[in-house]
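Welcome! Please take a moment to look over the sequence and the structure before reading on.

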There are 2 protein chains.
Amino acid sequence: MTNSTHRPDLSPTAEYSTHLAVRRLGIDTYQESVAYVRSDCVVCRSVGVEAQSRVLVRNGHRSIVATLNVITGDWLEPGHVGLSEAAWRRLEAHDGDTVNLAHAPPPDSASDLRAKVYGHRLDQSQYERLLRDAVAGRLSDIELAAFVTACAQPQFDVDENIALTQAMVSVGEQLQWPQTLVLDKHCVGGLPGNRTTPIVVAIVAAAGCLIPKTSSRAITSPAGTADTMATLTDVDLDLRTMRRVVERENGCLVWGGAVGLSPADDVLIRVERPLDFDSDAQLTASVLSKKKAAGSTHVLIDVPVGPTAKIRTPAAAAMLASRIQAVAAAIGLTVRIEITDGRQPIGRGIGPALEARDVLAVLRNTSDAPADLRRRALDLAAAVLAFDPAMPGHAGVRKAQMLLDSGAAWAKFEAICTAQGGLREPPAARHSSDVSAASNGVVVNIDNRRLAKLAKLAGAPRSPAAGVLLNVSLGSPIVAGQPLFTLHADSRGEMAYARAYLAQHPDILRIEEPTP
Amino acid sequence: MTNSTHRPDLSPTAEYSTHLAVRRLGIDTYQESVAYVRSDCVVCRSVGVEAQSRVLVRNGHRSIVATLNVITGDWLEPGHVGLSEAAWRRLEAHDGDTVNLAHAPPPDSASDLRAKVYGHRLDQSQYERLLRDAVAGRLSDIELAAFVTACAQPQFDVDENIALTQAMVSVGEQLQWPQTLVLDKHCVGGLPGNRTTPIVVAIVAAAGCLIPKTSSRAITSPAGTADTMATLTDVDLDLRTMRRVVERENGCLVWGGAVGLSPADDVLIRVERPLDFDSDAQLTASVLSKKKAAGSTHVLIDVPVGPTAKIRTPAAAAMLASRIQAVAAAIGLTVRIEITDGRQPIGRGIGPALEARDVLAVLRNTSDAPADLRRRALDLAAAVLAFDPAMPGHAGVRKAQMLLDSGAAWAKFEAICTAQGGLREPPAARHSSDVSAASNGVVVNIDNRRLAKLAKLAGAPRSPAAGVLLNVSLGSPIVAGQPLFTLHADSRGEMAYARAYLAQHPDILRIEEPTP
């Protein structure tokens with residue numbers, strides 16, 4: 001306001017100064033930028049802000065918008081402003097830097113958000129304005145929650161979905177490739193252990209097709225593809241390095257978070273995770289914008305369906321598929337949807353390193369390779385290769401199997417990992433503990449959600465070696481005392497938590513007498 | 001999980017204990033309950049929670065649900081959990097109490113919220129479940145934001161508005177009165193200084209009619225009726241005391257926050273304030289549920305319309321009025337809507353004590369009483385009295401004027417204040433400063449929003465004596481150098497902030513040469 005001095009004056013008499021010394025408080029608020037100021041701070045009063053006001057914090061040429069929390073305790077020194085971890089990261093501050101605090105102006109997109117909240121239709125340029133504000137951190141969590149809720153409404157139709165998807169593409173980086181055929185695959189998720197992606201990428205790249213794959217880390221699951229790949233090689237590549245790897249090896253397996261493709265998606269996740277929802281519209285925009293931004297032209301989408309998977313019924317899968325197809329066509333992507341069996345996990349391992357071992361076993365053709373993971377990966381790879389006009393009919397199926405059996409896929413996987421920084425063996429957990437069957441019978445049901453929770457309690461994905469290793473699957477005949485699965489954990493404490501959860505939920509695997 | 005001990009063990013080896021010592025951190029997060037735990041806290045890992053997880057904090061028989069923030073700094077001692085002010089208040093904890101931390105079960109209404117977010121229609125029992133969770137603090141800010149956004153959609157029709165309103169009534173306390181005619185008035189707000197309520201209540205109660213009035217404190221304005229009344233008497237009454245005052249004096253002027261009528265409304269405000277919106281549906285449910293819960297039968301609603309008021313056009317006012325009428329009829333309330341001139345403030349004062357002085361001047365019939373406030377209050381009081389079949393035609397108009405002119409309304413106001421705890425004179429600010437006209441002309445426009453902001457920068461409503469005292473109104477002829485208004489503040493700092501804001505916005509009152 002009336003600030004004309006450039007040197008900070010933090011003495012108690014500096015009544016009109018809007019300068020404060022910044023302090024990193026080490027408070028993880030997930031993604032929300034929070035600024036903490038004392039209730040007797042003159043700056044608060046001077047700019048008329050109070051708890052939950054949005055404030056502009058300026059540090060030299062850099063500035064962020066943060067939500068204000070007011071400290072009534074005395075553990076923050078006068079003349080200081082504390083920052084949450086997210087705010088600290090975004091402001092790129094150093095302890096003791098002098099920052100300026102002001103009332104944040106309403107974001108450019110305030111009227112767009114208001115229109116959307118009141119159920120009006122927005123066009124692509126309005127979505128772009130909104131998403132630019134979201135990516136720049138100018139929207140609070142509750143504003144983002146209002147936005148994703150408004151986009152989940154039934155009147156949010158395909159046309160608007162197209163506008164949102166194109167806006168998500170255009171506010172981030174975009175890759176372009178000289179090839180006319182750029183392939184990709186994606187799984188909508190929700191099935192533990194379904195780690196086909198590294199195998200599919202290796203096969204497709206070995207076939208000579210381009211597949212510049214970016215993947216996410218776990219949001220609510222025990223492992224994302226990026227977590228699994230991080231136990232084998234470096235995944236935290238920038239866009240230039242990613243491009244170099246793909247130019248050399250036809251494919252890559254990198255973490256999407258670092259490359260800035262469709263960054264709005266990463267922002268929206270921060271409220272979708274705690275709200276625990278993901279509308280068809282948002283899922284469609286999220287998946288297709290990432291693929292389009294990566295320069296893909298043809299995408300296979302795996303939709304596992306099962307009672308404890310993310311998509312629970314064939315009808316729900318069909319509705320999602322038709323929306324994805326319509327939006328994809330409008331933004332110039334060719335998409336094929338593969339509805340797959342989502343009743344049980346794929347492979348034996350659940351957790352980053354345990355899943356990586358399954359992947360290695362399949363690629364190396366070892367005798368203990370999980371047959372279901374091999375089958376699923378081959379089917380998906382064949383479907384991806386079928387986009388190539390040079391592989392008509394069943395040529396893709398034969399090609400995929402040949403590349404895997406011959407070791408060509410394994411060689412390609414090694415080459416990709418080498419290009420990304422070198423191939424490592426995944427770590428092993430310090431503790432393991434078998435869980436045995438209490439009775440004879442047959443496995444008749446597997447609760448995917450609780451199995452995922454069990455792996456997380458054992459430490460996955462924070463401890464990459466932790467998780468669950470399954471010995472049985474649906475239909476397996478069981479003898480009492482037979483080990484059903486093994487818990488892996490890096491600490492005795494985590495092992496105990498997993499065991500306690502198991503005691504409360506003994507029927508994660510339900511075993512029944514076979515009907516005579 | 002595996003916790004069988006009842007005595008807290010906070011030593012570092014207590015690896016499986018879920019007990020933590022609680023600490024009040026003095027962090028004002030507005031209304032959200034936040035629990036702060038160290039990243040190395042075994043409880044976090046044992047229950048598998050992370051930043052933004054919802055956790056259940058139990059202290060003896062009392063428990064709350066809070067959002068988790070993870071502390072990576074070392075200023076929180078191991079074995080401790082810190083609480084935000086809202087969490088501390090709700091848990092009724094004492095420093096050092098031993099509390100138990102667990103993963104919060106999903107609220108009972110989780111599926112209702114999900115259905116609403118996906119645009120489905122809910123019935124009254126579903127809204128009751130949702131609002132009970134909201135009142136009990138089991139919904140996070142982002143869940144509340146999703147809820148109010150879903151209720152702002154165009155398909156949220158009158159029928160659903162009725163269900164929501166009835167649910168808001170039924171989750172709180174409800175008053176009943178023996179009389180068949182229980183009157184009330186309400187202003188939808190947005191106009192600084194429009195403090196007619198104390199005058200209307202005094203007149204109506206003096207006429208022998210029942211008017212059990214509850215009012216709110218300021219949310220975004222420089223003063224609410226409860227703030228103004230708090231400078232004159234006690235307003236923080238419980239439901240029993242409020243009932244006693246009304247039984248004795250026919251009316252009361254209390255703060256609604258303490259009496260528990262429609263408590264869900266107070267919860268929803270916590271996201272409507274930062275989102276800065278208030279849909280017609282939410283406004284209707286908010287106003288009518290409070291009146292219904294207070295036992296009112298007939299309600300007059302003042303809707304000021306003007307370019308810088310809350311309702312900006314006659315068309316918007318008509319839409320709101322028709323919704324209010326339809327919902328009121330369904331829940332058994334008789335409502336009359338009064339569309340009033342919202343182009344400029346009413347009375348001279350803006351700020352709790354300055355508005356109280358205007359109210360006293362009108363009630364005491366002093367020569368400096370603002371004529372516009374007197375006129376507006378008389379009109380509204382007459383409209384309220386017209387609900388009484390004993391006052392047909394213009395009888396209410398004559399009665400209201402007679403009661404005010406004779407001093408009967410003033411005597412009733414004194415009696416109500418005495419019953420509430422005694423009448424006081426409002427405080428005066430320590431500093432005042434005149435703002436003068438820069439040129440000759442006529443006042444052609446007043447920006448209500450910026451005027452309100454100016455009063456807030458001067459300290460209102462936190463400093464009850466602070467605010468703005470107007471000397472002129474629309475159409476006043478102005479001579480350069482003439483004082484337009486006076487700023488009142490309790491500190492020189494606040495006076496300086498108000499003056500600085502004024503320097504940036506010199507046209508809060510626009511003065512132009514009269515057209516010749």
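## A first look at chain A

Let's begin with a stretch to treat with care: residues 1-17 of chain A keep a pLDDT under 50, and the model has 24 contacts beyond four places in sequence for them. Where pLDDT is low, the predicted coordinates should not be read in detail. This is a predicted model, and chain A as a whole has a mean pLDDT of 90, with 95% of its residues reaching 70 or more. The scores for the model are ipTM 0.85 and pTM 0.87.

Now to the fold. Chain A contains 18 helices and 19 strands. With a radius of gyration of 25 Å, close to the 24 Å that the globule rule gives for 516 residues, chain A is therefore as compact as a globular protein of that length. Its C-alpha trace spans about 85 × 55 × 45 Å along the principal axes.

How is the inside of the chain put together? Among the 516 residues of chain A, 57% count as buried. Of the contacts in chain A with a separation of 6 or more, 78% are between residues 24 or more positions apart.

One part of the chain carries an annotation: an unreviewed UniProt entry places the feature "domain: Pyrimidine nucleoside phosphorylase C-terminal" at residues 442-509 of chain A. Here is how that stretch looks in the model:

| Property of residues 442-509, chain A | Value |
|---|---|
| Helix | 34% |
| Strand | 28% |
| Distance between the end C-alpha atoms | 10 Å |

Key:
Residues numbered from 1 in each chain as written. Chains lettered and ligands numbered in written order. Predicted model: local features only at pLDDT ≥ 70, side-chain atom pairs only at ≥ 80, totals over all residues. UniProt positions renumbered as here; feature names shortened; annotations may be inferred. Helix = DSSP H or I, 4+ residues; strand = E, 2+ residues; numbered from the N terminus. pLDDT = per-residue confidence, 0-100. Contact = placed C-beta atoms within 7 Å. Rg over C-alpha atoms; globule rule 2.2 N^0.38 Å. Buried ≥ 20, exposed ≤ 12 C-beta atoms within 10 Å, placed from the backbone.
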